[in-house]
Amino acid sequence: MVFHGIEKLSLVDFDGHTACTLFTGACNFRCPFCHNASLVLDPGSVPALDTEMLKAYLEKRRGLIDAVCIPGGEPTLNSDLPDFIAYVKSLGYLVKLDTNGTNPAMLRALIEKSLIDYVAMDIKNSPEMYPKTTGIGNPNNEKVFESAQYLIKERKASTAFDFEFRTTIVKEFHTEDDFIIIGSELCGAPRYFLQKFEDRGNCIASSLHAVPKEDAEGFAAVLRDYIPDVGLRGYDDD
C-alpha cells in the first residue's frame, strides 16, 4: 500500500475523534474542482511515504489517537487496501474511508469484514451531470449509486458502521434541480453534507467559483425533503 501524504493529527477529518490521515494517490475521476491535482494527475511526482516508518508511527501512537482516515485520490483503486486496513484495525484504531463509490465490490467486502467504521462517500452530482462534473466521458455513475444504495440498505440492517454522503458544490456545476434528483435517488440516507468549494491553487481546473451561502442553504432545504440531517461545511464565516 502506497501513501503520498500524512496529516499526523487531525481534529476535523473524523467527527468526534482524533485521527491520523493518510492520503493515497491516483484517481479514476478528473473532477475540475479537485484540490489534490498532483495526487490525481501525477501521483508519482509526490514522494511516497516509507511504509515501515508509517507503521512504526501508527504503533507508537496507539492510545493517543483514535482513528486512521484514508482519503485519496481514490483509495479503492488499491487492491491491497483491505490488507492495510486489517493491519490498522489490529492496532485498535477506528477506520474512516473516503471514497467516490466507484468500487462497490470492495466497499461491500470491507463492510462485511467489519474493517470500516465510517464511510464518507462523495456524490459528485446528479447522474446525468456526472460526465461534466467528473471530467471523464464514462464515469460509471451506475456503480456510484449502487454503492450508495448498498450503504443505505446495509446501515438500516446494522449499526456496525456509519456513513455520510457529501458534495463539494461549485457554482459552475450544481443547481437546485440537481439536488432534487440526488435527494430522490438517496432517500433514506441518514445525513448529507454540502461542502464549500475553495480554490487553494492546486485544482485541476481554474476559474471555478464557490456557491454563495444563500444558494447553498437552498440546496440543503431541497435535500431535507428526502434526508433528515443535511448540513453545510466551510460556510461558518460567511
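Student: What makes the approach of the side chain of Asp162 to the side chain of Arg155 a polar contact?

Tutor: This is a predicted model, and in it the two side chains make their polar contact at 3.1 Å.

Student: Where does Asp162 lie, and which residues does Asp162 touch?

Tutor: Asp162 belongs to strand E6. Apart from residues up to four places away in sequence, Asp162 touches Asp117, Tyr118, Val119, Arg155, Pro190 and Arg191.

Student: Why is Asp162 called buried?

Tutor: The relative accessibility of Asp162 is 18%. Buried means under 20%, therefore Asp162 counts as buried.

Student: What makes Ala189 buried, and where is Ala189 found?

Tutor: Ala189 is in the loop between H7 and strand E7 (191–196). Its relative accessibility is 1%; because the limit is 20%, Ala189 counts as buried. Leaving aside neighbours within four places in sequence, Ala189 is in contact with Ile152, Phe163, Phe165, Ile227 and Pro228. Ala189 and Lys153 are 36 residues apart in sequence, and their C-alpha atoms are 8.9 Å apart in space.

Student: Why is the pair of Phe163 and Phe165 called edge-to-face?

Tutor: The ring centres of Phe163 and Phe165 are 5.0 Å apart, with 65° between the planes. Rings pair if their centres lie within 6.5 Å, and planes over 60 degrees apart count as edge-to-face, so this pair takes that name. Phe163 is buried at 0% relative accessibility, and Phe165 is buried with a relative accessible area of 0%. Phe161, Phe163, Phe165 and Tyr192 form one aromatic cluster.

Student: How many aromatic pairs are there by this rule?

Tutor: The count comes to ten aromatic pairs. One of them joins Phe84 and Tyr87, with 6.2 Å centre to centre and 45° between the planes.

Student: Why are Phe84 and Tyr87 about one helical turn apart?

Tutor: Phe84 and Tyr87 are separated by about one turn because they stand three residues apart in helix H3 (residues 81–90). An α-helix has 3.6 residues a turn, so residues three or four places apart point the same way. Both Phe84 and Tyr87 are buried.

Student: What makes Arg233 a charge over the face of Phe193?

Tutor: Arg233 lies over that face at 3.7 Å from the ring centre of Phe193. Lys196 lies over the face of Tyr235, at 5.5 Å from the ring centre. The distance limit is 6 Å, so both values meet it.

Student: Why is the chain called as compact as a globular protein of its length?

Tutor: The chain has eight helices and eight strands. Its radius of gyration is 17 Å, close to the 18 Å that the globule rule gives for 238 residues, so the chain is as compact as a globular protein of that length. Buried residues make up 50% of the 238 residues.

Methods. Residues are numbered from 1 along each chain as its sequence is written. This is a predicted model: local features need pLDDT of at least 70, side-chain atom pairs count only at pLDDT 80 or more; totals for chains, interfaces and linings use all residues. Side-chain values use heavy atoms; hydrogens and water are left out. Rings of Phe, Tyr and Trp (its six-membered ring) pair if their centres lie within 6.5 Å; planes under 30 degrees apart count as stacked, over 60 as edge-to-face and the rest as tilted. Helices (H or I, at least four residues) and strands (E, at least two) are DSSP runs, numbered from the N terminus. Buried means under 20% relative accessible area, exposed over 50%, partly exposed in between (1.4 Å probe, protein chains only). A charge sits over a ring if NZ of Lys or CZ of Arg is within 6 Å of the ring centre and within 35 degrees of the ring normal. A polar contact is a pair of N or O atoms within 3.5 Å; within protein, one must be able to donate a hydrogen and the other to accept it, and residues adjacent in sequence count only if both atoms are side-chain atoms. Contact means heavy atoms within 4.5 Å. The radius of gyration is taken over C-alpha atoms; the globule rule is 2.2 Å times the number of residues to the power 0.38.
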